Structure formats: C-alpha cells, structure tokens
Amino acid sequence: MDYILDILLPKSEVSKLDLYEILVDWGGEKHSQNPRRYTNKANLFFKEYVDNEYYKRFLGDQCLADKFVALHLEGNLLELEILINNKKDFFDNEVMLFLLELLNLKKFIILIIRDEEWIDEKYIISNKEELQRIICDSLSWSNPKGVIITNDMSVLTIPKAAI
C-alpha cells in the first residue's frame with residue numbers, strides 16, 4: 001500500500017533532531033534549496049512542505065502558523081511495512097528510529113496518510129511502546145490505517161471532515 005509520511009513540528013524543535021539541511025554550493029557559497037531538504041545519519045531524506053493549506057483538512061488551523069515546519073519523507077515506508085507484516089523485528093528500521101526521536105520533542109505531529117490522503121484514526125501518545133504499536137497497526141496489510149499521532153492534546157480537535 002502507498003503511504004505518505006509527513007511530520008509537523010515547531011521550528012524551534014528541528015535543531016533537536018538528528019537532521020541536517022542539505023545545502024548546495026553555488027559560486028563557492030552554500031545555499032538552501034527551495035524547498036529546503038534535510039537528511040540524517042541514516043540517509044533518510046525529507047523535503048520541507050511549505051503549502052500549509054494541504055494540512056488544513058487534517059489539522060485545521062492550529063498547527064499551521066509560521067511557527068511550524070512540515071517535513072515530507074522522500075521515498076516510502078515499504079521496507080518498514082514488509083518488516084511489520086512478515087513479523088520481523090522493525091525496531092531498528094531507520095524510519096522507526098527517526099520517529100522515536102520525536103518523543104524527545106515538546107510537540108510533534110506524525111501523519112501517515114494512506115490511499116490518496118485518507119486518515120482513519122488519531123492518537124495522542126506519551127511513550128515509545130504506544131508509538132511502535134500504532135505504527136505496527138497502521139501499516140498492517142490486513143487492516144491498514146491512515147493515522148495522526150501526536151503528543152499534543154490540542155491536535156485532538158481535528159476537523160471531523162478529515163477523518
């Protein structure tokens with residue numbers, strides 16, 4: 001199944017993650033790409049998504065102020081999906097390890113969107129076991145789900161039309 005993984009977090013929290021902006025060299029000077037791109041030590045690549053209108057259908061206006069960064073995983077979740085559905089250890093998967101890093105932030109929102117922009121459920125979590133269980137359940141081939149996962153209670157006011 002095709003899933004989209006997007007992460008929204010306060011701009012002030014980006015520096016707390018294992019993320020590095022990918023700069024380009026132009027005339028001996030380093031410049032940001034447009035849109036900005038990021039990577040980590042595990043070579044996951046993210047593109048900053050600047051059109052916040054896209055997220056309004058899922059989140060309303062509360063997380064779309066200039067204070068938030070939306071990062072889109074370039075690539076897919078297929079490797080993680082296969083590990084989960086073949087009952088293999090997925091705890092050391094690069095995507096899973098990155099998502100676990102988010103638990104150290106004051107605020108984050110994970111969107112796993114399936115079937116062309118569909119969200120089925122929303123969760124507020126506080127620990128890694130909850131995150132791992134929800135990821136495992138949502139990527140299950142027998143009962144796939146698009147989910148919003150957050151550690152912020154205010155996100156629970158998601159517009160009903162998006163779910």
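Colleague: Where is D18 found in this predicted model?

Modeller: D18 sits in the loop between β1 and β2 (20–21).

Colleague: How do I read its surroundings: which residues does D18 touch, leaving out those up to four places away in sequence?

Modeller: With those left out, D18 touches T39, N40, K41 and E101.

Colleague: And what is the nearest side chain of opposite charge to D18?

Modeller: That's K41, 4.6 Å away. A salt bridge needs the charged atoms within 4 Å, and D18, though buried, has none. D18 does have a polar contact, though: its side chain and that of Y20 are joined at 2.9 Å.

Colleague: Okay, on to the core. Why look for nonpolar side chains together?

Modeller: Because in soluble globular proteins they tend to be buried together. Here the largest nonpolar core has 35 residues, and L99, L102 and I135 have the most contacts inside it. Elements giving two or more residues to this core include β1 (3–10), α3 (94–101) and α4 (128–138). Of the elements, α3 gives the most, with five residues.

Colleague: What does L102 touch, again skipping residues up to four places away in sequence?

Modeller: I7, L9, L17, F108 and I110.

Colleague: Now K106: buried or exposed?

Modeller: Exposed, because its relative accessibility is 70% and the cut-off is over 50%. K106 is in the loop between α3 and β8. Beyond four places in sequence, K106 touches E13, K16 and N151. K106 and S12 are 94 residues apart in sequence, yet 9.9 Å apart in space, C-alpha to C-alpha.

Key
Residues are numbered from 1 along each chain as its sequence is written. This is a predicted model: local features need pLDDT of at least 70, side-chain atom pairs count only at pLDDT 80 or more; totals for chains, interfaces and linings use all residues. Side-chain values use heavy atoms; hydrogens and water are left out. A nonpolar core is a set of buried Ala, Val, Leu, Ile, Met, Phe, Trp, Tyr and Cys residues joined through side-chain atoms within 4.5 Å. Buried means under 20% relative accessible area, exposed over 50%, partly exposed in between (1.4 Å probe, protein chains only). Helices (H or I, at least four residues) and strands (E, at least two) are DSSP runs, numbered from the N terminus. Contact means heavy atoms within 4.5 Å. Lys and Arg count as positive and Asp and Glu as negative; His and the chain ends are not counted. A polar contact is a pair of N or O atoms within 3.5 Å; within protein, one must be able to donate a hydrogen and the other to accept it, and residues adjacent in sequence count only if both atoms are side-chain atoms.
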